[in-house]
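Subject: Structure handover

Hello,

Please find the structure below, with the sequence alongside. Notes on what was found in it follow.

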Amino acid sequence: MPVFLKRLIDALCYPARWISWLTLPLIAMILVTVVMAQFGSSTLLDWEGQIPILGRGLTVNSLVDLQWYIFAMLVLFGGIWALRDDRHVSVDFLSLQMSRRQQLWFRMLGDLVFLLPFCLIMAWYGWSFAEVAWRTAEASTQGGLNNRWLIKSVLPISFGMMGLLGLARAIGTAIQLYRGNLSEDIR
């Protein structure tokens, strides 16, 4: 595979590596939420004025919203990483009965026919989904976080990145098939 494709694939997966570290704060937030619920407390911190995203304070509802945001980012960007490492869901009982050339053809066609159109649709509709949240200044109705458009904008960004990864992977697979080097892994 050409070096520029490998670099593109690595660049597309770079945010997923950093976002994976959000698992640790997620666990801490879950623990704090459980402890605060046991003590019957709902406000962790409060302050004068508005702070972007947090509003006027940090409450249990804010922590629950943050958990939701982090989990969404872990799933969306984790999908990109899983696709790169070929750890996504596949039909193994069929794949194991195919030759390596057939497997590569099916992977390339799957990326171009199924993955890429799906990612384009999700990015397109996700963009308008985030735009509506931004225009209406959507915020939590339960006293949680403000600026829901931030997390909703992750949807088109992640699917756009996954679509680019699928396209790069399909190009890399086509090059691999053309060169006849069937043992090379495209990662």
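How much accessible surface does the chain have, and what share of it belongs to carbon and sulfur atoms? The accessible surface comes to about 11,600 Å², and 69% of that belongs to carbon and sulfur atoms. Accessible areas come from the Shrake-Rupley method with a 1.4 Å probe, and for residues only the protein chains shown count as cover.

Some ground rules before the rest. This is a predicted model, in which local features need pLDDT of at least 70 and side-chain atom pairs count only at pLDDT 80 or more, while totals for chains, interfaces and linings use all residues. Residues are numbered from 1 along each chain as its sequence is written, and side-chain values use heavy atoms, with hydrogens and water left out.

Overall layout

The chain has 7 helices and 2 strands; these are DSSP runs numbered from the N terminus, with helices being H or I of at least four residues and strands E of at least two. Their order along the sequence is α-α-β-β-α-α-α-α-α. The chain is more spread out than a compact globule, because its radius of gyration is 21 Å, well over the 16 Å that the globule rule gives for 187 residues. The radius is taken over C-alpha atoms, and the rule is 2.2 Å times the number of residues to the power 0.38. Along the principal axes, the C-alpha atoms fill a box of roughly 65 × 35 × 30 Å.

Of the 187 residues, 37% count as buried (buried is under 20% relative accessible area, exposed over 50%, partly exposed in between, with a 1.4 Å probe and protein chains only). Among contacts (heavy atoms within 4.5 Å) between residues at least 6 apart in sequence, 73% join residues at least 24 apart.

Cores

A nonpolar core here is a set of buried Ala, Val, Leu, Ile, Met, Phe, Trp, Tyr and Cys residues joined through side-chain atoms within 4.5 Å. The largest one has 25 residues, and those with the most contacts inside it include Met73, Phe77, Val154 and Phe159. The elements giving two or more residues to this core are helices H1 (3-20), H3 (60-84), H5 (100-135) and H7 (154-179). H7 gives the most, with 7 residues. Not counting residues up to four places away in sequence, Met73 touches Ile19, Leu22, Gly78, Ile151 and Val154.

Individual residues

Ser62 is found in helix H3 and counts as buried, at 0% relative accessibility. Its C-alpha atom is separated by 8.9 Å from that of Asn146, 84 residues apart along the chain.

Helix H5 holds Trp127, which is exposed with a relative accessible area of 58%. Trp127 and Lys152 are 25 residues apart in sequence and 8.2 Å apart in space, C-alpha to C-alpha. Phe106 also has its place in helix H5 and is exposed, with a relative accessible area of 54%. The C-alpha atoms of Phe106 and Pro117, 11 residues apart along the chain, are separated by 16 Å.

Ala137 is in the loop between H5 and helix H6 (149-152). Ala137 has a positive phi of about 55° although it is not a glycine, and counts as exposed at 57% relative accessibility.

Regards
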